[in-house]
Amino acid sequence: MSSLTLYEYYRSSCSARLRIALDLKAIEYKAIYVDLNKAEHLKHDYGLKNPSRSVPTLMVDETWGIPQSMAALEYLEEAYPQSNPLLPTDAKSRANVRTLAEIIAIDTQPLTNDTPMKRAEESGADSKQWAQAFTNRGLEAFEKVASKTAGRYSCGDDVTLADVCLVPALWNAEKFEVSLEPYPTICRVYAELKEHASFIRSHWQQQPDCPAELR
């Protein structure tokens, strides 16, 4: 199997998804840190790897990489099927996991990213209220689905891609001062995952590119 390289940023929730999954599956990789504050993602060389000029990018070898986190997560499942699978074996449960993951990855996270928040601010909106509104909308939907699918974790008793996507979104929710109290299932699952070694190691404050004053 080719050696993997992850281009990432400590505070990127999409990068965190890959960190968590790689740790859960015990896959070795090299991390290269892309400083979004210094606009390193906008440089020409990085744009050749990731046309969206976003993070993360998972390079599988020197010539081919995956510039979207969800596609990279699915790749890891297919390329490393024996290493701690993060999708259930039955079709219904797999669909439930993908539903929960996409509530975060499609309906929630993109709207709370820096670019739409800045555009909202330019249009006269309060960017923090914007982020809170869309975070709550996403968590409300996740809660309704997870209340029917959760066991110990978001979908059953094993960690899945739903949890991999949820936890970084909750780190953002904390940043935006969103209360999790209205979401009892999420709170219970989060309490379990906060004690899980892979999620602890993957936390943004534990990353080498996190500024010392934020750790």
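What covers the buried residues of helix 3? The notes below start there.

1. Basis. This is a predicted model: local features need pLDDT of at least 70, side-chain atom pairs count only at pLDDT 80 or more, and totals for chains, interfaces and linings use all residues. Residues are numbered from 1 along each chain as its sequence is written, and side-chain values use heavy atoms, with hydrogens and water left out.

2. Helix 3. The cover includes strand 1 (4-8), helix 1, strand 3 (57-59), strand 4 (65-66) and helix 7. Helix 3 spans residues 69-79, and its buried residues are S69, A72, L73, Y75, L76 and E77. Buried means under 20% relative accessible area, exposed over 50%, partly exposed in between (1.4 Å probe, protein chains only). Helices (H or I, at least four residues) and strands (E, at least two) are DSSP runs, numbered from the N terminus.

3. Helix 1 on helix 7. The axes of helix 1 (residues 13-24) and helix 7 (residues 161-175) come within 9 Å and cross at roughly 135°. The two helices are therefore oblique to each other. Angles under 35 degrees count as roughly parallel, over 145 as roughly antiparallel, 65 to 115 as roughly perpendicular and the rest as oblique. Helix 1 supplies S13, A16, R17, I20, A21 and L24 to the contact; helix 7 supplies V164, C165, P168, W171 and N172. Contact means heavy atoms within 4.5 Å. By class, this contact of helix 1 with helix 7 has eight nonpolar, two polar and one charged residue.

4. Helix 4 on helix 7. Here helix 4 (residues 91-105) packs at about 20°, with the axes 8 Å apart. That makes helix 4 roughly parallel to helix 7. V97, L100, A101 and I104 of helix 4 meet L161, A162, C165, L166 and A169 of helix 7. The contact of helix 4 with helix 7 has nine nonpolar residues, with no polar and no charged ones.

5. Aromatic pairs. The structure holds five. One of them joins W64 and Y75: ring centres 5.7 Å apart, planes at 65°, so edge-to-face. Rings pair if their centres lie within 6.5 Å; planes under 30 degrees apart count as stacked, over 60 as edge-to-face and the rest as tilted. W64 lies in the loop between strand 3 and strand 4, and Y75 in helix 3, eleven residues apart. W64 is partly exposed at 42% relative accessible area, whereas Y75 is buried at 17%. Elsewhere, ring pairs link Y9, Y10 and W204 into a cluster.

Notes
Axes fitted to C-alpha atoms, helices over the stretch in contact; angles between N-to-C directions. Nonpolar A, V, L, I, M, F, W, Y, C, P; charged D, E, K, R; others polar. Phe/Tyr/Trp six-rings, centres within 6.5 Å; stacked < 30°, edge-to-face > 60°.
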